[in-house]
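Hi,

Here is the structure I said I would pass on.

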Amino acid sequence: MKTIAIFTGLSGFLAVALGAFGAHGLRGTVNPALLDVWQTAVQYQMFHALVLLVIVLAAGRQSLPLLRRAAQLMMAGTVLFSGSLYVLVLSGIKALGMVTPIGGVLFMLGWLVLSFALVQWVARSREEA
């Protein structure tokens with residue numbers, strides 16, 4: 001979980017920094033449609049940084065391998081989804097748009113795995129009660 005915790009903090013930090021860069025550094029230099037793409041990348045990164053934070057906190061209370069797997073999928077999703085969009089906006093390489101859906105699928109899989117982990121959590125909590 002240490003690596004996931006580090007990734008979580010860095011991801012949140014980068015979401016704020018890149019959001020500010022998009023709002024101030026890119027405005028007027030890139031097409032407004034690309035600014036929307038940038039903002040989408042920032043939003044997805046921040047949403048998933050917050051979910052990763054919850055996973056790290058939950059893993060401290062309940063050891064569930066599925067929590068780690070959900071986090072890993074969401075981390076990979078962040079790199080591929082948000083990362084590909086950032087690079088696409090900065091480089092103009094439109095082929096990177098083909099990578100973005102892979103990141104989106106990883107996000108969705110992460111959420112599914114998280115749902116199974118939560119079901120396990122509830123079952124264990126009931127057993128302990």
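Below is what turned up, starting with the whole chain and then going residue by residue.

A word on the ground rules. This is a predicted model, so local features need pLDDT of at least 70 and side-chain atom pairs count only at pLDDT 80 or more, while totals for chains, interfaces and linings use all residues. Residues are numbered from 1 along each chain as its sequence is written, and side-chain values use heavy atoms, with hydrogens and water left out.

**The whole chain**

The chain has four helices and zero strands, and from the N terminus on its elements run α-α-α-α. Helices here are DSSP runs of H or I with at least four residues, strands are runs of E with at least two, and both are numbered from the N terminus. The C-alpha trace spans about 60 × 25 × 20 Å along its principal axes.

Of the 129 residues, 37% are buried. Buried means under 20% relative accessible area, exposed means over 50%, and partly exposed is in between (1.4 Å probe, protein chains only).

**H48 and T78**

H48 lies in helix α2, which covers residues 32-61. With a relative accessibility of 4%, H48 is buried. Leaving out neighbours within four places in sequence, H48 is in contact with M74, T78, F107 and W111. A polar atom of the H48 side chain also lies 2.8 Å from the backbone oxygen of Y44. That is a polar contact: a pair of N or O atoms within 3.5 Å where, within protein, one must be able to donate a hydrogen and the other to accept it, and where residues adjacent in sequence count only if both atoms are side-chain atoms.

T78 sits in helix α3 and is buried too, at 5% relative accessible area. Not counting residues up to four places away, T78 touches F7, S11, Q45, H48, G83 and F107.

**Aromatic rings**

How many aromatic pairs does a search of the whole structure find? There are five. Rings of Phe, Tyr and Trp (its six-membered ring) pair if their centres lie within 6.5 Å; planes under 30 degrees apart count as stacked, over 60 as edge-to-face and the rest as tilted. For Y44 and F81 the ring centres are 4.6 Å apart and the planes are at 35°, so this pair is tilted. Y44 is in helix α2 and F81 in helix α3 (residues 65-91), so the pair ties together parts that are 37 residues apart in sequence. Y44 is partly exposed at 35% relative accessible area, whereas F81 is buried at 11%.

There is also an aromatic cluster formed by F21, W38 and Y86. F21 lies in helix α1 (residues 2-26) and is partly exposed, with 38% relative accessibility. The C-alpha atoms of F21 and W38 are separated by 9.8 Å, and the two residues are 17 apart along the chain. Residues up to four places away aside, F21 touches L26, W38 and L90.

**Helix α4**

V113 is found in helix α4 (residues 100-128). Is V113 buried or exposed? At 16% relative accessible area, V113 is buried. V113 touches L66, R69, A70 and L73, again not counting residues up to four places away in sequence. V113 and R69 are 44 residues apart in sequence, yet 7.2 Å apart in space, C-alpha to C-alpha.

M108 is in helix α4 as well, but M108 is exposed, with a relative accessible area of 53%. M108 also belongs to a nonpolar surface patch of about 500 Å², made together with V105, L109, L112 and F116.

Cheers

Definitions and conventions:
Contact means heavy atoms within 4.5 Å. Patches are made of residues with over 30% relative accessible area and no salt bridge: like charges are joined within 9 Å, nonpolar side chains (Val, Leu, Ile, Met, Phe, Trp, Tyr) within 5 Å. Accessible areas come from the Shrake-Rupley method with a 1.4 Å probe; for residues, only the protein chains shown count as cover. A salt bridge is a side-chain nitrogen of Lys or Arg within 4 Å of a carboxyl oxygen of Asp or Glu.
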